[in-house]
Amino acid sequence: MQDAPAALPEAPVESLNASTQTVNAERHSTDPNVIASAFPSTSFSGESAEECSICLIDFEEGELLRVLPSCDHRFHHDCVRELISRGDMHCPLCRRDYGIIVDLIHLGLDVDC
């Protein structure tokens with residue numbers, strides 16, 4: 001008959017929990033600016049005028065835009081941030097839901113849009 005394996009020493013749970021909570025607190029965010037910044041971005045380059053369908057202002061050459069991961073429609077960063085802060089989780093153009101992406105960001109998960 002074999003002896004039971006020796007028990008492993010226990011790690012100090014409080015210090016482990018405290019450091020885990022600190023990391024999670026940094027990754028969890030309900031800040032609309034942080035969430036909007038997690039969406040993919042692109043620089044505008046176009047030969048014809050194109051406008052943000054949220055604010056109706058033309059995009060400028062080289063301007064950084066946020067891309068909604070559910071449909072690839074592009075908007076100003078501030079406009080996407082405003083949508084998120086209002087709780088609107090649908091693309092203003094096609095009405096696709098991008099709320100799951102926001103939920104994953106809220107949970108502090110890495111999102112590869």
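## Accessibility and the model

A residue is called buried when its relative accessible area is under 20%, exposed when that area is over 50%, and partly exposed in between. Arg81, at 30% relative accessibility, therefore counts as partly exposed. The structure discussed in this report is a predicted model.

## Salt bridges

Two salt bridges are found in the structure. One of them joins the side chains of Arg74 and Glu50, with a distance of 2.7 Å from N to O. Arg74 belongs to strand β3 (residues 74-76), whereas Glu50 sits in the loop between β1 (41-43) and β2 (64-67), so this pair ties together parts that are 24 residues apart in sequence. Arg74 is partly exposed, its relative accessible area being 26%. Glu50 is likewise partly exposed, with a value of 32%.

A salt bridge also links Asp78 with Arg81, and here the closest N and O atoms are 2.9 Å apart. Both residues lie in helix α3 (residues 77-86), where they are three residues apart, or about one turn of the helix. Asp78 has a relative accessibility of 45% and counts as partly exposed; Arg81 is partly exposed as well, at 30%.

## The nonpolar core

In soluble globular proteins, nonpolar side chains tend to be buried together. In this model, the largest nonpolar core contains 19 residues. The residues with the most contacts inside this core are Phe39, Leu68, Phe75, Val80, Ile84, Tyr98 and Val102. Helices α2 (32-38), α3 and α4 (99-106) each contribute at least two residues to the core. Helix α3 gives the most, with four residues.

Which residues are in contact with Ile84, leaving aside its neighbours within four places in sequence? They are Pro32, Ile35, Ala36, Phe39, Met89 and Tyr98. Two of these partners, Phe39 and Tyr98, are also listed among the residues with the most contacts inside the core.

## Cysteines without disulfides

The whole structure contains zero disulfides. Cys52 takes part in none, and the nearest cysteine sulfur, that of Cys79, is 3.7 Å away. Cys52 is buried, at 0% relative accessibility.

Methods:
Residues are numbered from 1 along each chain as its sequence is written. This is a predicted model: local features need pLDDT of at least 70, side-chain atom pairs count only at pLDDT 80 or more; totals for chains, interfaces and linings use all residues. Side-chain values use heavy atoms; hydrogens and water are left out. A salt bridge is a side-chain nitrogen of Lys or Arg within 4 Å of a carboxyl oxygen of Asp or Glu. Buried means under 20% relative accessible area, exposed over 50%, partly exposed in between (1.4 Å probe, protein chains only). A nonpolar core is a set of buried Ala, Val, Leu, Ile, Met, Phe, Trp, Tyr and Cys residues joined through side-chain atoms within 4.5 Å. Contact means heavy atoms within 4.5 Å. A disulfide is a pair of cysteine sulfur atoms within 2.5 Å.
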